[in-house]
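Here are a few notes to read alongside the model. Have a look at the structure first, then go through the points.

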Amino acid sequence: HVQVAESGGGLVQAGGSLTLSCSASQILFGLNTMAWYRQPPGQQRQLVASINTRRGTTNYDGPVKGRFTISRDSAKTAVYLRMNSLKSEDTAVYYCNFKGRELTQPYDYWGQGTQVTVSS
């Protein structure tokens, strides 16, 4: 059973930085996408950034472009989110996600989430 765990959340002042980390408990064969989502208070979960592991391309939601950077390790078992110039509207629970397909079986693994609170 694959386990996914995030770390690195916390309380930070506006303008500050945080780096979130996320690891899978094993190598994921057929991995397609590693991503970070967030869920602000009272809102739905939304995509923040993603990496297409086959093409090596990245994608960012508009409000975080130029401030956040997603990266991964060479083994594709860990994904990171460097967050700079944080704003109060970045306050949310952040989740990492791994999607892919092993042979004919798709998978979609989520972490439990890590709280990021930005004080103004």
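1. Start with the side chain of arginine 38: a polar contact of 2.9 Å links it to the side chain of tyrosine 94. A polar contact here is a pair of N or O atoms within 3.5 Å; within protein, one must be able to donate a hydrogen and the other to accept it, and residues adjacent in sequence count only if both atoms are side-chain atoms. The side chain of aspartate 90 also makes a polar contact with that of arginine 38, at 2.9 Å.

2. A word on the basis: this is a predicted model, where local features need pLDDT of at least 70 and side-chain atom pairs count only at pLDDT 80 or more, while totals for chains, interfaces and linings use all residues. Numbering runs from 1 along each chain as its sequence is written, and side-chain values use heavy atoms, with hydrogens and water left out.

3. Where does arginine 38 sit? Look in strand E4, residues 31-39 (strands, E, are DSSP runs of at least two residues, numbered from the N terminus). Arginine 38 counts as buried because its relative accessibility is 4% (buried means under 20% relative accessible area, exposed over 50%, partly exposed in between, with a 1.4 Å probe and protein chains only).

4. Now for phi. Most residues other than glycine have a negative phi. Lysine 76 has a positive one, near 60°, and lies in the loop between strands E7 (68-72) and E8 (78-83). At 29% relative accessibility, lysine 76 is partly exposed.

5. Leucine 103 has a positive phi too, about 60°. You'll find leucine 103 in the loop between strands E9 (92-102) and E10 (105-110), and it counts as exposed at 79%.

Methods:
Helices (H or I, at least four residues) and strands (E, at least two) are DSSP runs, numbered from the N terminus.
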